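Here are some notes for reading this structure alongside its sequence. Please take the points in order, starting with the place where the two chains meet.

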There are 2 protein chains.
Amino acid sequence: MESVKSQTYEVHIGELAQAALNQHIAKKNYSKIFVLVDTNTKKHCLPAFKKMFSAPIDSIFEIEPGEENKHIHTCLQVWEFLSNFDGDRKSLLINLGGGVLTDLGGFVASTFKRGIDFINIPTTLLSMVDASIGGKNGVDLGALKNQIGVINQPQMVLVFPEFLKTLEPRQVTSGYAEMLKHGLIRDAAYWVDLKEKNNFSEASNIQRSIAIKNDVVLIDPTEKGLRKILNFGHTLGHAIESYCLENPNKKTLLHGEAIAIGMILEGYISHELKGLPKLSLEEIKETFLKYFEKVDFSKDDIDAILKLLKYDKKNSHGDINFVLLQSIGDAVTDIKVAEELFQKAFDYYGE
Amino acid sequence: MESVKSQTYEVHIGELAQAALNQHIAKKNYSKIFVLVDTNTKKHCLPAFKKMFSAPIDSIFEIEPGEENKHIHTCLQVWEFLSNFDGDRKSLLINLGGGVLTDLGGFVASTFKRGIDFINIPTTLLSMVDASIGGKNGVDLGALKNQIGVINQPQMVLVFPEFLKTLEPRQVTSGYAEMLKHGLIRDAAYWVDLKEKNNFSEASNIQRSIAIKNDVVLIDPTEKGLRKILNFGHTLGHAIESYCLENPNKKTLLHGEAIAIGMILEGYISHELKGLPKLSLEEIKETFLKYFEKVDFSKDDIDAILKLLKYDKKNSHGDINFVLLQSIGDAVTDIKVAEELFQKAFDYYGE
């Protein structure tokens, strides 16, 4: 499998990844090598990782999994661990886990002693194709997602598709949403391929998604323009995800589950405002509902979700900016949307 | 007073600073302007600042002063404040305070929504000539100083020497240590000028110190080489400062007070290892003891301080690297020092 080159780091997939990792470690003279895992990856991925990794690991730290632990208090535990085990500026942190873990571990490494090297080894489909690529890292502030963080690139990202076999099916399916998004915003043929062949977990598709994201990030690393298209489905999706996370009466949604809903809603708005054809909209709704069960939202739910919207980090001056589709494969950014359309979008989703 | 140009921001001193600030605000279209103060600067500096600032301030947040509040928990309060008052990516944070406040405020701004603009307005001599320049920011982890942070430059640094009149004399004197350090590491004539004329608080000297620090930082922003000379006196000085802060039986030292001791100790080591002339060493000791009262250290104190040394963020691979002087005005970096010299250095300090 071909490696994907970023400006400052490389993404290696499959058999190349192990060699790239061991070469990197041999070249760099790290003072200490730390590995961050969560309860799941410690059990299901760490043993395989240890077998393929030729250097000695100095210390392993385990955090609790899940978005509810993606907070500064968990960072504090990891910073203290690194400090207690004599981590210094020449130490390396290897993040072995899903998006929550690579986001949090990347932030901890970027801020420990003003920045140490880190390597991301994503273990979920979602983090392989999205979270671990692009250098965004950080943690949540209360129910507000990714409010605290920096943009800082890892030394390398290593993708081992065999880790997907350790996941529950719901976790794998969650990753489909970001992959389908890559098709929707940038590559109509890829969208068609994915939904027709239904072969998301194949290395070639993981590689295709990474290449799309990486291409966008290289053109606009700090999200001044093009990179915003990656937020399609995320403006409403994030608000839905936050709302379900903090509301004890709602089932917690995985990230992909929330943005799948977000993409149907923002697809509807795209149809209303940007001429996305009705047929394309229906294709989008039908595709996501094939993989993601419909969620019921009451009037009160919707009101609360819309309140959370205004805190979304992508907004400024209080306006709510959306990424919308003109057609499948062609996204536009910075579109302001009047509030009455949101309710209509939820109506369409619920139909 | 001439402004000092950095790569990405400018330092403006005195009458130019007010105009520069108001021009910057007029040019940028900030969505919100927040000001961070502490209990002291709210009382003594905020009224004067408001008079010279032509734009409306959206909201002001007050933190407790002092190194003991330079922790992630205080950051959390400021992040929550920014979030609660609808701060977004186009917001500005103005940090009005001493080194603790500009270090903490700079870190909060650099990590809020992955980085918003900030402006430092240092109100102590120490922060005017040191902390607010160079882009290092961050907070302490337990008793360990500056363990969490990033390097990120402010939009501008504004120095108003009249704020020095609001300080207690001990606070002003603390700043002398960093200014004398600038002479010791880089400019022998400046060292002589300062100690003979005793006119530290004059705008021309503040400007000279800033120019020395800025010159060093421009050559080596990420501290791979030359920038390390700024750590003269800090390796032992930081350990002494941390030890006194966490030990209820020791008087808490201001940063300048601690590094003044550190510079005498590291001056002694410079004499032993790098041929710093005995007369220069005695001149260094005499000068610092003129401004900074001698502190008593017991055998137990010294043992505990040396234990803290190994956590200093500048060390790697467990070695302890020092900046030493070959002569006044000429520093060398990355010198390893055998442990038995530390005790001798403390003996010399105590003589």
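1. Across the interface of chain A and chain B, ten residue pairs are in polar contact, both residues being at pLDDT 80 or more; a polar contact is a pair of N or O atoms within 3.5 Å, where, within protein, one must be able to donate a hydrogen and the other to accept it, and residues adjacent in sequence count only if both atoms are side-chain atoms. On the side of chain A that touches chain B, α4 (72-84), α5 (99-111) and β8 (144-148) each supply at least two residues, and the largest share, seven residues, comes from α4(A). Helices (H or I, at least four residues) and strands (E, at least two) are DSSP runs, numbered from the N terminus.

2. This is a predicted model, in which local features need pLDDT of at least 70 and side-chain atom pairs count only at pLDDT 80 or more, while totals for chains, interfaces and linings use all residues. Residues are numbered from 1 along each chain as its sequence is written, chains are lettered from A and ligands numbered from 1 in the order in which they are written, and side-chain values use heavy atoms, with hydrogens and water left out.

3. Two salt bridges are counted between chain A and chain B, each being a side-chain nitrogen of Lys or Arg within 4 Å of a carboxyl oxygen of Asp or Glu. B:E223 forms a salt bridge with A:R89, and their closest N and O atoms are 3.2 Å apart.

4. In chain A, 41 residues are in contact with 41 residues of chain B, where contact means heavy atoms within 4.5 Å.
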